[in-house]
Amino acid sequence: MKNYLLNILTRCADTQFGQDAIEHGIRTGAVSLVYHLDSDCRVITQAYDVLCESYREYIHAASSAYTSAFGVPPSVLAA
């Protein structure tokens with residue numbers, strides 16, 4: 001299964017953000033895998049822009065929640 005997911009990620013996205021967005025879509029149920037590589041890649045490719053926007057919104061909400069809870073944005077801690 002791990003190799004299957006890796007194949008999907010590398011076939012459907014060429015950036016780390018895109019791969020993260022696809023993983024997020026799978027985890028949240030926005031993408032349901034049927035475990036047929038061509039079919040799954042077709043579904044993901046068709047939904048790619050929506051998956052990226054949804055992931056962008058998720059990251060923004062998580063960052064805002066972190067800032068509210070701790071008083072500093074998460075990027076300050078990574079520097």
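Predicted model: local features only at pLDDT ≥ 70, side-chain atom pairs only at ≥ 80, totals over all residues.
Residues are numbered from 1 along each chain as its sequence is written, and side-chain values use heavy atoms, leaving out hydrogens and water.

How confident is the predictor? pLDDT is its confidence in each residue, from 0 to 100. The protein chain averages 92, and 95% of the residues score at least 70. Helix α2 (residues 16-28) has the highest mean, 97, while helix α4 (residues 74-78) has the lowest, 61.

Now for the packing. Axes are lines fitted to C-alpha atoms, for helices over the stretch in contact, and angles run from 0 to 180 degrees between N-to-C directions.

| Pair | Angle | Axes |
|---|---|---|
| α1 and α3 | about 45° | 10 Å apart |
| α2 and α3 | roughly 90° | within 8 Å |
| α1 and α2 | about 130° | 9 Å apart |

Angles under 35 degrees count as roughly parallel, over 145 as roughly antiparallel, 65 to 115 as roughly perpendicular and the rest as oblique. So α2 and α3 are roughly perpendicular to each other, and α1 and α2 are oblique to each other.

Which residues touch? Contact means heavy atoms within 4.5 Å. Between α1 and α2, the contact is made by Leu5, Ile8, Leu9, Thr10 and Cys12 of α1 with Gln19, Ile22, Glu23 and Ile26 of α2. These residues divide into 6 nonpolar, 2 polar and 1 charged. For the labels, Ala, Val, Leu, Ile, Met, Phe, Trp, Tyr, Cys and Pro count as nonpolar, Asp, Glu, Lys and Arg as charged, and the others, Gly among them, as polar.

Where α2 meets α3, the α2 residues include Phe17, Ala21 and Ile22, and those of α3 include Ile44, Tyr48 and Leu51. This contact has 9 nonpolar, 4 polar and 2 charged residues.

Finally, the overall outline: the C-alpha trace of the protein chain spans about 45 × 20 × 20 Å along its principal axes.

Conventions: Helix = DSSP H or I, 4+ residues; strand = E, 2+ residues; numbered from the N terminus. pLDDT = per-residue confidence, 0-100.
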